[in-house]
Structures are given as structure tokens and as C-alpha cells.
Amino acid sequence: MRSLLITLTLFSIIFISCDLYPQDDYKEYYVVESYLIAQDPLAPIYLSTTAPATSAYSFEDYAVSGANVRVHLLSDDGDSNIVQTFAYQLDSAGVYSSAFQHTVLPSRTYQLQITDLPNDPTASIIGYTTVPDTFSNVSEVPDTVIYQSENQIEIDITPSLNTQRQSYFIFTTIALNPSKENFTPLYSDFFDDQEDEVGDFVKTSSGIVNEANFETKPNGIVTLKYPWLAVAFYGDNQIVANIIDDNIYDFLRSQSVQLGGSTLSPGEIPNVLYRLDGGIGVFGSLAADTIQTYIERPSSIDFNQ
Amino acid sequence: MIKKILLVLALLTPISIFAQKASINGYVTDKSSRETLLSANVALLETNRGTTTNTLGYFSLTNLEPGTYTIACSYIGFELFRKTVTLSENETLRLDIELEPNVVATEEIVVTSERIIEAQKNIGTQDINTELITSLPKVFEADVFRSIQLLPGVKAASDFSSGLYVRGGSPDQTLILLDRNTVYNPSHFFGFFSTFNPDAIKDVRLYKGGYPAEYGGRLSSVLTIYNKDGNRNRTEGTATLGMLASRVSIEGPYKKGSWMFSARRSTLEPVLAALRSTSDNIPSSFYFLDYNGKVNFDATKNDKLSLAFYSGQDKVNFPFSDDAEFKLNYGNRTLSGNWTHIFNEKLFSNFVLTGSQYFNYPELELGGTPIERRNNIYDYSIKADLEYLPNEKHELAIGVWAGTLTIRLNDRFDNEPSFSSRSHSRYSSLYISDTWRPTEKWKIVSGLRSSYLSDGNYMRLEPRLSLEYKATDRIRLQTAYGRYNQYLTLITNEAFSGFDVWLTADDGVKPSFGDQYIIGAKTIPFEGFGFDVELYYRTMNDIFELDPFLQDVSGLDYPELFRIGNGDAYGAEFFFEKRAGNLTGFVGYTFAYTWKKFNDYNNGIDSPDGSGRRYPPKYDRRNDVNLVLSYKLSRKWKSTISFNYATGQAYTEVLGQYSANNTPWANDQLNTFTVGKINASRLPPYHRMDISFSRLGTFFGLGNAEWQFQIINVYSRRNVWFYNFDFDENPVERTEVPLLPLLPTISYTVNF
């Protein structure tokens, strides 16, 4: 009995003394942020580094200038040959803009290439994005709709054909007449005079919404019923439907998990899913279409009173 | 199938008939209530023959030489039973034993019983004393699961969760059976309490690992809970007023049997009403309730029938804004009909029809946009178990379990269907096991279980084996191996179990499987004490869990919903127990490792795709010590202390940060962390002491009464649940989210 106990104790001590899973130390990474929008000019590229979690952070403090930044348009024949190269120049600390006028082409793949990084000249960052196909609204959007009335805003959009998968949407509502008085009841209640500014609510967006949530007609037209939840202000509002590429999809769905809300235990924080070689961040693309309508305050309900 | 089994067993019967041996069989019951006692020890003192009662309180000793014997029976908390019996050739003596409760639990009586008849504790198995459940210091309400969390090998996710994490397994790896019926969501208040009313329960047993072929369907463990049958002697009841909930239980006899009914309901309404008068954002309605009932019909000496039901529900209505309301309605219902038939002294049978339903209806109305879920599980099954004793060396058990499982999940967003899934599967299992005692020192239990699920057409075989060697009268060495399969996975959140969804294996999603290896020793170092040691190693393969990175599952193929992984767990458990006297209690210590690994998860930041590094889940604790002591201060006063010290849970240390500020679709800054290995850091150690005092008295002469005063977290340790991050501060501020503070509670119980 005694020997059994001694053996078990020794066994335990050996295990306790070994750290089988040591904590890593902080490592600095280059961070890229850029979103190409189909049919828009080439978007700026933001280049910075990470900051230690215990330090104060601002983009300007960690911006990386002096790098050689280029974006290549690749051929669409499957060989990924470079068709055209766009050199970027430094606009301000860490912000690079294309020196050429180029409209981003839908359904085409762009390659990001960053070299001559100041702290490590031998390093490079490479990323690819395939721009979603454009789409457009083909329905008649009424000029005015009454908030929370039975007649919800419906948008019929043409299919985005360039992917092998369903489309992933993000919807954005941009208020054109934002004011405290124009808040819809829900947002009026959420608004905190001490901590918030009206401008914080001007642009509200959904999370990722899969295409399968919506009705697809035989001709491929997708009918979206726009939820009242997304409307923060009465008055003129722009509604933007965005279809995102795989890079933004991975970035967003994993970034949102870091601060909870998934099935992971609280405190279990995974890294974001990155699709870049040599750096982190996102080099992604999207296609978007915008409609505009006037959201009228209903006469029967007014939660502000 | 049943007929064939009976035929085979009948053909074996003559072997013993020709031997002209005698036998004794019967039920063991509590004399005060005639409630059957499970796992009571029965022995013939002149021989080394002994057995324990089964899960229906039945025992049988066969192939006895004719002659005179002293039969003895013991059960913790009851006086030793002794009776001299004389058996003649071919006699089958039906002896129903009634044990007298130990009103005054003196050291001498219990110790005597232990010396004569050693408790038959099987490997990986732990009985939970139902008295302990009510006497432990409780967080508002006596709780079965929180009592189980004190046992070695069982961990809690947090003070707010009653979920059972057994030997590295998540809660869905424990099969929970109430009167042989599967319970799918055993929680109230979103996981804070378990659903089982302690007043309605008579037996709780946890098979922590290496569990027998009789059970299956989960990788880790099995928890069996049996409701009381009801007092067969007199009508009696108990009522308890608590700060969070109150409960009442009543039971009694009728001409052909007994009945029991108990109900429990939370009593938060006055508190909520008071809070509503002073602050906003208080639920307009928030309660849980549950009912347990059982009716027993003793048809003949050899036939017993029972019908048991459970119904529990949690409901909350929470208008948290001018134009937003959250509603949740979830619960379980179970119904089981049981028929126990004794064919003869060698063949015992039990047949059960079960129905188990789980429903979960969360609704959110947000700014004129309704978001709804309708989630249902319907599980209907039939079970048959036969126990056959061909001779004194073998105990055969064979059984079948077959049923249908329907899982329905419908989501609606803005009055339109957004996700719809309905699986209707058939499942079945068949097991056979043999308990073989080749000599007095050896016990070998071998078994084989096969299981089948129609979704995906999966069929699996599960061998089980356990060996026991009685080295001395006080030391039994045990080892076990088993293969286990699991066809279900639970989508839940450790912090909130109100939205639980179960999903099954299917085409493209293989069932999980694992092996368990256990070695241990059960010892009696001194009279009245027990000391158990177990070492275990177990694997978890093809675990399928909902992919945590999915924000919207609409339109995805079923296999795309999951991430597939593996894991293993190993450790050592020590359990030292003092079973009798004025001071009783136990100290349990667990040293354990748990690892999990998923594809494309916990890779280096530079290479997100790959097989993934293994990591400890949050609930992994290296060291875990629990001390529970109960002391009878006087005839009226009793005190119970529980203390837990555990290594801090695993968490992910954030190392770096940046912010994506330029998204075209939103104003928000996407604050982003960089981390190293997932869960490579540890929270501060957890420790907490709770204490309770109870005072016995009378209720105006009408019955016994008991006051219970409790203090949870006596020295107000601020244990950390997890860290939260405030991005409004620069640098980002890390704040601790604490667990339970110091919490005094009081309850009053009347027995009538």
C-alpha cells in the first residue's frame, strides 16, 4: 500500500513539474487592411504592425511607412499571370494609395505584394482576393415607407455569379438625416448621452447573412426583406447590400468570436483567420449596391414620448 | 428476439435443476417506507457467497447447498440485518428483507456491518448519498449536480454552472437517465441548477468511466437517478421554503402499492417586483417549476409495475428596451412505464417504455424584427433487460434498447424561415455481459454492446472488460477497459444553457468514439474509513462540435456545420472517506490533464489551416481538492463544511492587438487580438469554503422541522470566471469577471 502511494506521488510530481503547454511570448506582426470594391477605384492599403496588448494603441503610432506596395491584376485564364501592376505610394503614415486610376474589375483576382518592409527588408506580404461579381437591384423601391408598417422594404437583386458557393451578405444602413430626435425607438433607448455620439449610429451593419436566408426565384433573383431592426434613424436612409469575398468572410466571422458570443468558453480566444502570407489583417473585396428611401415616423407608435 | 433470449436461458436452466441446490431471492427495502434499496449488500456469513441488489432492489443467491445459513444484509445508514435460514433441497426461499434505519448512527453498528460485508464498489462508480445533497451548503437550492461536482474526477465549469465535466468530458458526454429515461437538458435557470428535485430522489449513481455494457451512447460517463417509489407504510410529506425556490413532496401507500408526487417552483416574483419599482431592465416574468411523480403497482409477488413522470420548465419574459423583448421557454418532460417480472430465482427481467421530450423556444423581438427558434426533441424507446444466474460463478445480463429520436430545429428571422432541420432517426442497441467469479478473489466482467443509428447507417461494436482482484479483505484491485460511441453532440454555451440544441451524427458526420483504460484500488485502511485510488486514460475521437466560427448556418450542408476533432484525458483520483460516526465526510483529490484538438484550430497565426495543435479546454484543472465534513454538534444541531481548492482554469492570454478601422460597411472599429497558443495561461487558483448549520425542531408539534443557515464563500474569495476587455480604454483594460460573492442563505423544511 505504502509503495503504491509513493509511486503515485512520484508520478504526480513528475507531471506537475513539466509544463507541457507553455505560453508564447508576444510577437510583432505586420498588419494589412484593404477592401477592394467592384467598380470602384482601387482602395487604399493600410499597413501597420501589431502593438503589445498592454500598450496604448493607435494606428498612427504603429503605422509602417517606406514599404514597396503593389497590387497586381491577374489573368482570368486560370494561370494567374500578372496582367497589370499598380504601384502604390505613401499618402500618410502607413496609408498607401494607387498611383494609377483603375476601376476594380468584378470576378477578377488581385494580388497584393508588399516588399522592402522597413524592419525586415527580406520579408514580404502576399495576399489574393477574388472580387465578387456585381449585382443590382431590379425592384421598385418606394420613395417612402412607414417604419414598422406591414410594407417592409423589399429588394430584388440579380444573382452574383462568380462563386462556387452561396453569397455572403452584409447589409449596411446609412442614415442621411441623423439626429437624436430622429432615432427609432430601439436605438433611442440604446443611445447613452454620456458615452455615445449620434455619429456612432449613422452607419449600422448586420453581421454575415447567408444568401440561403432569402427567397431565390426561378430566374435567380434574390428577394431580400429588409428588417426594421437595421433602421436606426427616421428620414432618408441608404441601404447597401454588400457581397463579400472569402477573405472578409473569414476575417469577420473569426474576429467576432474573439470577444465572445460563440459556443467557445468565455476566455478561449482564437486567432482571427488570416489569408495573407507574411502578415495578418485582411486584403479582401466586395461588391455592393445601394438604394435610398425615406423612413417615415409612424403616427401610432412613438416610443420616444 | 425476446423469445429467443428466453429460450436460450431456459435451455440453460436444467443444468442447475439437476444439481438439486437451493436458492434465496427477494427485495431489500427500507423498513420505514418499504422503499427499495439499490446496491445493498447481501451475504451468507457461513460461506463466501454474497451479492448486491440491482437497480430495482432485487437480489438472488442461487446454487446453494441445502443447510442452515445466517443471511446478512447491510446498507449505509441502516442497521445490519441478520437472520438464520434453513434451506432444503430444491427450495427457493423468497426473503424480502426490510432494513431498519439507523436513527442514531453509532460508530459501532455501522462499523460492524462494514467488517462483515464489504461494500461492493465497482470501478469508476460512485454513489451519491441523497442525504448529503440536502445537507451540503447550497447556493440557494439543494442541487444534485452541484453535489456531484464535489467528487474526484468531476469538475464544474463555474459557480454559475451545474454542468458535469467528468474525466475530461464535456457535459454532453454524460448520459443522464432519470428512471431509465434520457434527460436532454437537466438544468434550470440557464444551467445554474439541475432539474432534479432532491426530495423526490432516492438513488444517484455516477459511472465516471469504464461503465458496463448495460449503458452506452456517451463517451464519458453515465449518471443514473431514480425517483422514490413512495412510502408503502404511511402517507408523509415534506415542504421546504427557500430564498430562491420552494418545494413540496408527498408520498404514501394505497392498496396495491405506493405513490409519490413532488413539485418545486422558484419564488423570485416578490424580489423581481421590488427590483422593478427601483430599476429598469428587470424581467417581467422569470420562473422555473418542475414536477415529479410515480405510481407503483405491486401486481403480484413477482410482478411490479410503475409509471413515473417528470415535467420541468423555465420561462422568462424580459422587455429590456422600449422596443425589444426577450422571451425564453424551455424544459423537459419524461414519462416511463416499468414492468419488473421475476420469472424464477435465476431469471429476473425488467421492461421499460420511455418517452422523453425537450423543448426550447427562444424569441427575440428587436426593433420590430422578430427572431424565433423552435427546437424540439422527441425520444421514444423500449428497453428490456434480463439478468440470469446459471450458477454461482456467473451472472449473465442481456438487454435491448430501441427507439426513435426526432430532432426538430426551425429558425425564423423577420417572420421568414431562415433555417429548418428535422432528423428522424431510429436507434437500437443490444448488449450481453457476464460477471464471472472463477475464485473468491477474482471477478471478471466482460461485455459486448452493439449500437446502431439509422442516420448515416452507423453500426458500432463496443467491447467492455473489467477485472477485480481481492488482494486482502481490505484491498481490492480493479482495472477496466471499454470502447464507447456517441451519436449526439450538444450545441451549448458554458455560460448559458438556455439555448441548448442537440444534433446527431449523419452522412458525412461520423459518430464519436473513445477508449477508456482504468486501473484502481478500493481499500479500507481503517475501520469505518475508505480510501480509493483510480488512474485513468481515455481517448475521444471524431468529436463533432458546431464550428464556432459560423455566424449563419443557412444553406450549409450538414457536415459543414461541424468541426471534427480528437482529444484525450488522463489523471489520478484519490478519495478518502469517513463513513460513520458523528463526524463524517470525505476528501477527494484529482490530478488531471485534458486535451482537445480540432482541424484548422489553434494553429500558428501564420498558418490557420492544418491539423491544429492540441490545447486544454477551459474546464481543465491540474489539481482539484474537495473536502466535505459533516459534524453532529448535538442531537439538534449539525454543521457541514465544504472546501474546494483547484488550479485556475485555462484561458487564452492576449498578446498583441490592432484595429481594423476602415471597413466600408460599418462605423465600428474591429478591435482584434493576436494570441499565441489557445488556453495556455491559467486563471488564479480557485478556492471557496461554504458552511451550513442545520437545526432540527418541530413544527407546532405537527412534525419535524429543520432550519438551515448557510454561507457560501465564507471568506469572500473573489474567484475569477474569465477576463473581459474594455476597448473604450487605451491601453485596453482587462477586468476580472468574478464568480459568486459571499452569499448567506436560509431555508426551512417541515416534514409532516
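These legends describe close-up views of a predicted model. Residues are numbered from 1 along each chain as its sequence is written, chains are lettered from A and ligands numbered from 1 in the order in which they are written. Local features need pLDDT of at least 70, side-chain atom pairs count only at pLDDT 80 or more, and totals for chains, interfaces and linings use all residues.

**View 1. Confidence along chain B.** The model scores ipTM 0.90 and pTM 0.89. Chain B averages a pLDDT of 89, and 95% of its residues score at least 70. Here pLDDT is the predictor's confidence in each residue, from 0 to 100. Residues 8-18 of chain B fall below 50, and this stretch has 11 contacts beyond near neighbours in sequence. Residues 105-117 of chain B are also below 50, with 28 such contacts. A contact means that the C-beta atoms of two residues, placed from the backbone, lie within 7 Å. Where pLDDT is low, the predicted coordinates should not be read in detail.

**View 2. The interface of chains A and B.** Contacts link 71 residues of chain B with 73 residues of chain A. On the chain B side, strands E27 (416-436), E31 (488-493), E34 (529-546), E40 (654-660), E41 (670-675) and E45 (720-726) each supply at least two residues. E40(B) gives the most, with 7 residues. Helices (H or I, at least four residues) and strands (E, at least two) are DSSP runs, numbered from the N terminus. By class, this side of chain B holds 36 nonpolar, 26 polar and 9 charged residues. Ala, Val, Leu, Ile, Met, Phe, Trp, Tyr, Cys and Pro count as nonpolar, Asp, Glu, Lys and Arg as charged, and the others, Gly among them, as polar.

**View 3. Strand pairing between the chains.** Strand E3 (residues 51-52) of chain A runs antiparallel to E40(B), and 2 bridges join them. Two strands pair if DSSP finds at least two bridges between them. A:Ala51 stands opposite B:Gln657 in E40(B).

**View 4. Backbone exceptions in chain B.** Most residues other than glycine have a negative phi, and most peptide bonds are trans. B:Asp542, in strand E34 of chain B, has a positive phi of about 55° although it is not a glycine. B:Asp542 is partly exposed, because 16 other C-beta atoms lie within 10 Å. B:Asn679 also has a positive phi of about 55°. B:Asn679 sits in the loop between E41 and strand E42 (681-682) of chain B. B:Asn679 is buried, with 25 other C-beta atoms within 10 Å. A residue is buried if 20 or more other C-beta atoms, placed from the backbone, lie within 10 Å of its own, exposed if 12 or fewer, and partly exposed in between. A cis peptide bond, with omega about 5°, joins B:Asn730 and B:Pro731. B:Pro731 lies in the loop between E45 and strand E46 (733-738) of chain B.

**View 5. The surroundings of B:Leu80.** B:Leu80 is in the loop between strand E5 (67-74) and strand E6 (81-87) of chain B. B:Leu80 counts as buried, with 20 C-beta neighbours inside 10 Å. The C-alpha atoms of B:Leu80 and B:Asn102 are separated by 9.2 Å, and the two residues are 22 apart along the chain.

**View 6. Two domains of chain A.** The domain assignment gives domain 1 (30-130) and domain 2 (144-270 + 286-296) of chain A. Such bounds come from an automatic or database domain assignment. The C-alpha centres of these domains lie 27 Å apart. Contacts join 7 residues of domain 1 of chain A to 7 residues of domain 2 of chain A. Strands E1 (30-37) and E8 (125-130) of chain A each supply at least two residues of the domain 1 side.
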